[in-house]
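This report walks a new reader through ring contacts and strand pairing. The sequence and structure come first, and the description follows.

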Amino acid sequence: MRFKFITTFVLFSLFFSCTTKTNSPEFIKKVSGRYLYNSDEIIEVYFKETDLYLKWRGATNIKPLKVDDETFFVKEMNEKIQFKFNQDNHKQYLIFVPKETTDSIQFNFRKLNETEKIPSEYLLTNQYEKALEAYKAIQEKDSLDSAINEGDLNSLGYKNLRAEKFENAINIFKINVVLHPESSNVYDSLGEAYMKHGDTIEAIENYKKSLALDSGNNRAKRMIKKLEKKEVDN
């Protein structure tokens with residue numbers, strides 16, 4: 001029993017002695033950056049001194065456990081990660097370590113170029129035309145991609161509307177209109193944004209478009225009547 005304990009301790013010590021506690025400057029330079037987690041979400045890899053950290057889904061200070069010189073365990077993802085160079089396209093990737101030895105490596109999370117942005121990043125900097133083009137590219141590739149979810153974009157528009165950022169809200173709703181032109185709701189939301197911004201003509205026009213797609217939209221009917229009366233009175 002004593003021999004078994006000593007053997008286990010020696011093997012454990014050898015394992016950790018072979019693992020470098022700090023990350024090399026070459027490794028830091030190679031893996032630092034932003035990785036495309038999905039079409040509109042990133043994982044950012046950065047370092048504090050030589051310790052690796054991640055930013056992901058609002059968490060800005062995720063510190064993975066270093067398993068060995070190539071592998072880190074991220075408890076927030078419940079995954080082991082590594083950084084691999086894909087010889088097929090000559091791109092750097094963050095990968096999830098296969099859980100079974102028979103499973104192949106999946107190159108899913110590509111490192112972005114410094115100038116690349118995802119659609120939501122364009123929205124944050126009010127670059128709405130670029131955001132629209134990026135969303136359209138996603139839609140053309142996969143019309144069911146969650147990044148172009150009508151409800152999510154609508155919620156973002158109303159968040160800006162509640163903050164009285166009227167032009168931002170209008171631009172976000174306009175993106176939603178382009179992506180979902182057959183939806184009555186997107187025109188209704190755009191009409192409301194124009195109304196609150198004081199643009200009665202555009203508000204009426206979009207409420208009418210909403211009503212054309214959904215004749216049962218009683219709210220749109222009421223708003224058209226109210227706004228047209230306002231125009232006459234003015």
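## A stacked pair of rings

Tyr37 and Phe109 are both buried, a word that here means under 20% relative accessible area, with exposed being over 50% and partly exposed in between, for a 1.4 Å probe and protein chains only. The model is a predicted one, in which local features need pLDDT of at least 70 and side-chain atom pairs count only at pLDDT 80 or more, while totals for chains, interfaces and linings use all residues. Residues are numbered from 1 along each chain as its sequence is written, and side-chain values use heavy atoms, with hydrogens and water left out.

The ring centres of Tyr37 and Phe109 are 5.1 Å apart and their planes stand at 20 degrees, so the pair is stacked. Rings of Phe, Tyr and Trp (its six-membered ring) pair if their centres lie within 6.5 Å, and planes under 30 degrees apart count as stacked, over 60 as edge-to-face and the rest as tilted.

## Other aromatic contacts

The whole structure holds 10 aromatic pairs, including the edge-to-face pair of Phe27 and Phe83, with 5.9 Å from centre to centre and 80 degrees between the planes. Phe27 belongs to helix α2 (residues 25-31) and Phe83 to strand β7, 56 residues apart; helices (H or I, at least four residues) and strands (E, at least two) are DSSP runs, numbered from the N terminus.

## The sheet

Five strands make up an open, antiparallel sheet in the order β5-β6-β7-β8-β9, where two strands pair if DSSP finds at least two bridges between them.
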